[in-house]
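This report describes a structural model of two protein chains and the contact between them. Please look over the sequence and the fold before reading on.

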Amino acid sequence: MGRQEAARPRLIAISPDDGAAIDLRNPVLAAALSWLVPGLGQLYQGRTLKGGLFMAALLGTLVVGMWIGAGRVVYASWRPGEPRLAFIGQAGIGAVAIPAVLQSLRLNGPAREPYFAAGLFAPPLATGQLVTPAYAARVSRAEPGFDFFDRPPLAQCQRDQLSAWQRRLGRRFEIGTLYTVLAGMLNVLVVLDALSGPLPAPSRAGAAEKTPAAPAGGPSGRETR
Amino acid sequence: MIDPLPLLFAQFADKVPGVFFGLPLLALASLIFAATHHEDPAAIGLATVHWAVWLGGILGVVLAAVLLLGWLV
């Protein structure tokens, strides 16, 4: 095991600031960890300052966004005519993308209720959608005035839940969505940072004469040792 | 002739909530852009300011253009 570890070439990146080597360890695993929780991949690579920074900044923004949107802004829905396009950006953070997909699959599947009974990350119900009476009762309790028809053994939604959320939350729904989408999109850069180290600076005309040649491994300053 | 300044000010005041909620996002984007391009804490701090000025300037110009177009049209 130890011999295999020693024999495997290590991927390192070069710091653009002082030229120091950055051990990327297993970059694919680090990228996956950073996708799951922002900054976790950097912590795994021993880059604690950046890991903590990414974690605090992006998770903080995500939580604030969800708080502004009353926990309703992150969900996955690919219903015809009403796809949740904002989820494409939000999916940049796995910690919310995975539960949102699971909740959507279960609510729209034969079970007809989400995994988490509170409905967090669950998509809004459409008019006429059938759900279990237990979930219908929870939705009615959480949103007074939101009623269901009895369709034993199920319950049928009377109104469009998304419209009800938007009426209740007003601009908060849009602002919460914006915060969570931006957190997810910025996390893509964090994943790339975990995968290949600091991103290359944008090239400028004439800069090639002043800067030294890029290290082996390409312009990203990535090389194997 | 209507004095344009009060109208422009009113249009800007209408956008204050958006600006208020947008500023933290601008700071966040600047921080992430800076931190994904540098490794040294001091360099990250400097680059964050650099990015904030650039992004703030670009978005400020866009906001000003929107306000002016809203006033003209």
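The model is predicted: local features need pLDDT of at least 70, side-chain atom pairs count only at pLDDT 80 or more, and totals for chains, interfaces and linings use all residues. Residues are numbered from 1 along each chain as its sequence is written, while chains are lettered from A and ligands numbered from 1 in the order in which they are written.

**Chain A**

Chain A has 10 helices and eight strands; helices (H or I, at least four residues) and strands (E, at least two) are DSSP runs, numbered from the N terminus. Of its 225 residues, 37% count as buried. A residue is buried if 20 or more other C-beta atoms, placed from the backbone, lie within 10 Å of its own, exposed if 12 or fewer, and partly exposed in between. Two residues are in contact if their C-beta atoms, placed from the backbone, lie within 7 Å. Among the contacts in chain A with a separation of 6 or more, 53% come from residues 24 or more positions apart.

**Strands**

Strands pair if DSSP finds at least two bridges between them.

| Pair | Bridges | Facing residues |
|---|---|---|
| S1(A) and S2(A) (residues 21-23) | three bridges | A:Ala13 and A:Ile22 |
| S6(A) and S7(A) (residues 154-157) | four bridges | A:Asp150 and A:Ala155 |

The hairpin of S1(A) and S2(A) has six residues between the strands, and A:Gly19 there takes a positive phi near 75 degrees. An open sheet of three strands in chain A runs in the order S5-S7-S6, with antiparallel pairing. Its edge strands are S5 (130-131) and S6 (148-151), each pairing on one side only.

**Contact between the chains**

Chain A puts 21 residues into the contact and chain B puts in 14. On the chain A side, H4 and H9 (171-196) each supply at least two residues, and H9(A) gives the most, with seven residues. By class, this side has 15 nonpolar, two polar and four charged residues. Here Ala, Val, Leu, Ile, Met, Phe, Trp, Tyr, Cys and Pro count as nonpolar, Asp, Glu, Lys and Arg as charged, and the others, Gly among them, as polar.

How do H9(A) and H2(B) lie relative to each other? Their axes come within 10 Å and cross at roughly 5 degrees; axes are lines fitted to C-alpha atoms, for helices over the stretch in contact, with angles from 0 to 180 degrees between N-to-C directions. The two helices are therefore roughly parallel, a term for angles under 35 degrees. Residues of H9(A) including A:Ile175, A:Tyr179 and A:Leu182 meet residues of H2(B) including B:Phe21, B:Leu25 and B:Leu28. This helix contact has 11 nonpolar, no polar and no charged residues.

**Nonpolar cores**

A nonpolar core is a set of buried Ala, Val, Leu, Ile, Met, Phe, Trp, Tyr and Cys residues joined through C-beta atoms within 7 Å. The largest has 50 residues, of which A:Leu58, A:Ala100 and B:Ile32 touch the most other members. H9(A) gives the most to this core, with 11 residues. Not counting residues up to four places away in sequence, B:Ile32 touches A:Ala57, A:Leu186, A:Leu189 and A:Val190. A second, separate core of eight residues includes A:Leu125, A:Val131, A:Ala136 and A:Ala155.

Note on methods. Angles under 35 degrees count as roughly parallel, over 145 as roughly antiparallel, 65 to 115 as roughly perpendicular and the rest as oblique.
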